[in-house]
Amino acid sequence: MFQGQTILRIPGPTPIPPTVEQALSRPMIGHRSGEFSKLFAETAERLKLVFQTEQDVAILAGTGTAGLEAAVANTVSPGDTVLVCTAGNFGERFIKIVKSYGGRVLVLEAPWGERIAPDAVRRELEQHPEIKVVFATHCETSTGVLHDIEGISKAVRETEALLVVDAVSSLGATDLPMDRWGVDIVVTGSQKAFMLPPGLCFLALSERAWQVVEQNDSPRFYFDLRSYRKKLAERTTPYTPAVSLIFGLAEVLNLIEQEGLQQVFTRHLLMRDMVRAAGRALGLPLFCSDEAGAPTVTSFSGNGFDVEALRKVLRTEFGIVIAGGQQHLKGQIFRIGHMGYCTPLDMLQVLAALELALLRVGAAVELGAGVRAAGQVYLNAKEALKHA
Ligand SMILES: *Cc1c(COP(=O)(O)O)cnc(C)c1O
């Protein structure tokens with residue numbers, strides 16, 4: 001194996017397309033130059049396509065968690081009651097952030113690997129009319145579950161509460177029509193479906209959300225979204241932007257526009273279906289139901305073999321990195337990331353290596369069964385397209 005050849009199949013950071021790498025290495029320019037101002041304003045405008053919104057999109061230097069914290073700092077004043085929907089590691093992160101801003105947290109919990117039921121959200125809102133903000137995760141990366149944001153949003157829209165969605169591992173790969181579904185704040189980061197290195201986060205806010213932001217009295221400075229909105233209107237940023245990442249982002253948007261957003265979604269659904277079919281053919285227990293399975297990451301339970309040993313074989317023999325479980329799922333599950341710069345062909349590669357690695361750690365699987373099932377899913381999808 002070639003030293004340094006690493007194939008990332010984790011749910012972020014994800015591989016960077018070559019043209020994006022080139023854009024990232026462009027010579028530095030001044031961030032107050034006319035050249036940067038033009039690029040920045042155009043790029044922020046083009047981001048609206050991916051958010052499926054008419055609203056401005058704020059671009060901050062910071063990882064996804066910075067975006068989540070910005071959403072909290074701008075909507076939760078000390079003493080406010082909020083509802084956090086959680087069924088995994090990232091839902092729990094929202095609880096921690098809200099508590100550190102002095103919010104009173106009501107928790108709506110589902111077991112890891114399951115979805116939050118919109119009706120349960122509705123009941124919480126009926127019982128606690130004081131809830132000001134509802135926090136939910138679109139793709140819960142720790143389990144591979146895609147939550148029903150459309151359903152949750154319907155429940156929240158029956159009230160005056162805001163809905164804030166962590167879409168860090170879904171936006172740009174999975175359909176999330178923010179305006180149509182009535183989501184108030186969508187947060188995402190650069191290193192997942194956006195095919196960029198870590199370091200940027202993006203937030204789009206509804207008009208309703210901006211009104212809350214204006215009146216909120218949590219302490220905030222760097223994360224004060226009002227500054228970003230004001231400066232965006234002047235085609236700039238309040239502080240030094242991550243210039244190189246903005247170069248890269250402009251190229252990412254070229255790629256998404258060229259492929260077409262709907263086709264990007266279709267490609268991710270196909271990769272999901274290929275990986276799930278392969279798992280089934282190999283007798284690997286899927287960690288969540290087909291209905292709940294995310295288009296961007298798939299989790300499997302170990303089936304009598306050592307999950308960590310499996311990951312080690314993939315890494316050392318094939319240079320393929322997959323993710324393990326988080327918190328209590330460590331050693332229990334493994335996760336294959338399939339978002340951003342990856343294709344059905346990449347799925348055949350990771351699945352072929354997975355089969356070999358499963359045999360190497362003593363799992364009783366039939367060599368080729370997973371790849372065959374994934375290939376069949378691929379062929380069926382292409383056949384369906386022909387007749388569409
Ligand atoms: C990756 C991720 C985050 C953000 O994590 P950072 O390490 O701060 O970038 C937040 N939420 C979800 C669902 C994620 O997958």
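**A helix pair and its surroundings**

Author: Let's start with helix 11, which passes helix 13 in a right-handed crossing. A crossing is called right-handed if the near helix is turned clockwise from the far one by less than a right angle, and left-handed if it is turned anticlockwise. The helix numbers count from the N terminus, and the elements are DSSP runs: helices are H or I with at least four residues, strands are E with at least two.

Before going on, please note that this is a predicted model, in which local features need pLDDT of at least 70 and side-chain atom pairs count only at pLDDT 80 or more, while totals for chains, interfaces and linings use all residues. Residues are numbered from 1 along each chain as its sequence is written, and side-chain values use heavy atoms, with hydrogens and water left out.

Back to our pair. Helix 11 covers residues 261-282 and helix 13 covers residues 344-360; their axes come within 10 Å and cross at roughly 20°. Axes here are lines fitted to C-alpha atoms, for helices over the stretch in contact, and angles run from 0 to 180 degrees between N-to-C directions. The crossing angle makes helix 11 roughly parallel to helix 13. Angles under 35 degrees count as roughly parallel, over 145 as roughly antiparallel, 65 to 115 as roughly perpendicular and the rest as oblique.

Which residues make the contact of helix 11 with helix 13? From helix 11 come Arg267, Leu270, Met271, Met274, Val275, Ala278 and Leu282, and from helix 13 come Pro344, Met347, Leu348, Leu351, Glu355 and Leu358. Contact means heavy atoms within 4.5 Å. Sorted by class, this contact has 11 nonpolar, no polar and 2 charged residues. For the classes, Ala, Val, Leu, Ile, Met, Phe, Trp, Tyr, Cys and Pro count as nonpolar, Asp, Glu, Lys and Arg as charged, and the others, Gly among them, as polar.

Helix 13 also meets helix 12. Their axes come within 9 Å and cross at roughly 120°, and the two helices are therefore oblique to each other. Helix 12 passes helix 13 in a right-handed crossing. On the helix 12 side you will find Leu310, Val313, Leu314, Glu317 and Phe318, facing Ala353, Leu354, Leu356, Ala357, Leu358 and Arg360 of helix 13. Here the contact has 9 nonpolar, no polar and 2 charged residues.

Now look at the strands beside these helices. An open sheet of 4 strands runs in the order 1-12-13-11, with mixed pairing. Two strands pair if DSSP finds at least two bridges between them. Strand 1 (7-9) and strand 11 (297-301) are the edge strands, each pairing on one side only. From one strand to the next, the twist averages 30°. Strand 1 pairs with strand 12 (residues 320-324) in the parallel sense over 3 bridges; in strand 12, Ile322 is the bridge partner of Arg9.

Strand 8 (residues 162-166) and strand 9 (residues 185-189) pair in the parallel sense over 3 bridges, and Ile185 in strand 9 is the bridge partner of Val164.
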